[in-house]
Amino acid sequence: MDETEFWELIDTTREAAEGDPEEQADLLVDRLLQLDPEMVLDFARHFEARYNRAYRWDLWGAAWVLLDGASDDAFDFFRCWLIGQGREVFEGAVHAPDTLSELLGDFDEEIDGDGEELGYAADEAYEQLTGTVAPDLGIAPAPAEPEGTPVDFENEAVLAGLYPKLWERFKG
């Protein structure tokens with residue numbers, strides 16, 4: 001599975017789920033079950049590489065503004081959700097987190113921002129296909145600490161200064 005195929009699976013399942021991340025995860029498992037186990041592992045590698053790439057302080061700060069706070073777990077689930085939003089939103093957010101204010105359409109805080117189930121889709125599909133737990137993916141693990149400069153999440157002035165567009169849209 002190449003990168004284009006990975007993003008096509010993400011996009012088609014998001015569109016079919018009408019943006020609901022839990023429904024998207026269910027649809028993703030269904031689609032992955034139509035592939036052979038090695039393709040499912042390829043998908044998992046693409047997902048995990050992007051998940052690790054999004055482990056950045058500046059993105060965590062953007063998640064903090066969007067979600068009105070983001071614990072370690074909430075940021076993990078946010079990164080899964082962000083991948084589920086597709087290539088344009090993901091790449092835009094990784095390169096300039098404040099652009100999420102423009103990249104995101106409607107944001108329903110009841111369902112958006114938490115894609116925990118998306119993070120398990122490949123593992124679930126692999127287990128259903130093979131009856132075994134997915135093997136190690138053979139990619140570098142995430143760094144122990146997020147990349148970049150730590151952000152003072154408790155300081156609203158700092159957050160408003162770092163993420164002026166997000167702050168105006170979601171806090172203003």
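Predicted model: local features only at pLDDT ≥ 70, side-chain atom pairs only at ≥ 80, totals over all residues.
User: Which residues does Asn52 contact, leaving aside its neighbours within four places in sequence?
Analyst: A contact here means heavy atoms within 4.5 Å. With those sequence neighbours set aside, the partners of Asn52 are Arg79, Ile139, Ala140, Pro141 and Ala142.

User: At what angle do α1 and α3 pack?
Analyst: Two packed helices are described by the angle between their axes and the distance between the axes. The axes are lines fitted to C-alpha atoms over the stretch in contact, with angles running from 0 to 180 degrees between N-to-C directions, and for α1 (residues 3-16) and α3 they lie 10 Å apart. Angles of 65 to 115 degrees count as roughly perpendicular, under 35 as roughly parallel, over 145 as roughly antiparallel and the rest as oblique, so this pair is roughly perpendicular. The packing angle is about 85 degrees.

User: Which residues of α3 meet α1?
Analyst: The contact between these helices divides into six nonpolar, one polar and two charged residues, where Ala, Val, Leu, Ile, Met, Phe, Trp, Tyr, Cys and Pro count as nonpolar, Asp, Glu, Lys and Arg as charged, and the others, Gly among them, as polar. From α1 come Glu3, Phe6, Trp7, Leu9 and Ile10, and they meet, in α3, Phe43, His46, Phe47 and Arg50.

User: Which residues of α5 make the contact with α4?
Analyst: The axes of α4 (residues 57-67) and α5 come within 10 Å and cross at roughly 95 degrees, so these two helices are also roughly perpendicular to each other. Their contact holds eight nonpolar residues, no polar residue and one charged residue. On the α4 side stand Leu59, Trp60, Ala63, Leu66 and Leu67, and on the α5 side Asp72, Phe75, Phe78 and Leu82.

User: Which element gives the most residues to the lining of the largest pocket?
Analyst: A pocket is an open set of points on a 1 Å grid over the protein atoms alone, where a 1.4 Å probe fits, with protein on both sides within 12 Å along at least five of seven lines, and lining residues have an atom within 4 Å of a point. The largest one holds about 350 Å³, a volume being the space filled by probe spheres set on the points, which are joined across faces, edges and corners. Its lining has 20 residues, with Phe47, Glu48, Gly119, Tyr120 and Asp123 nearest the centre. The elements giving two or more residues are α3 (37-53), α5 (72-84) and α8 (121-130), and the most, five residues, come from α3.

User: What is the relative accessible area of Glu18?
Analyst: Glu18 is found in the loop between α1 and α2 (21-32), and its phi is near 50 degrees, a positive value in a residue other than glycine. Glu18 counts as exposed, with a relative accessible area of 75%.

Terms used: Residues numbered from 1 in each chain as written. Heavy atoms only, no water. Helix = DSSP H or I, 4+ residues; strand = E, 2+ residues; numbered from the N terminus. Buried < 20%, exposed > 50% of the residue type's maximum accessible area, 1.4 Å probe, protein only.
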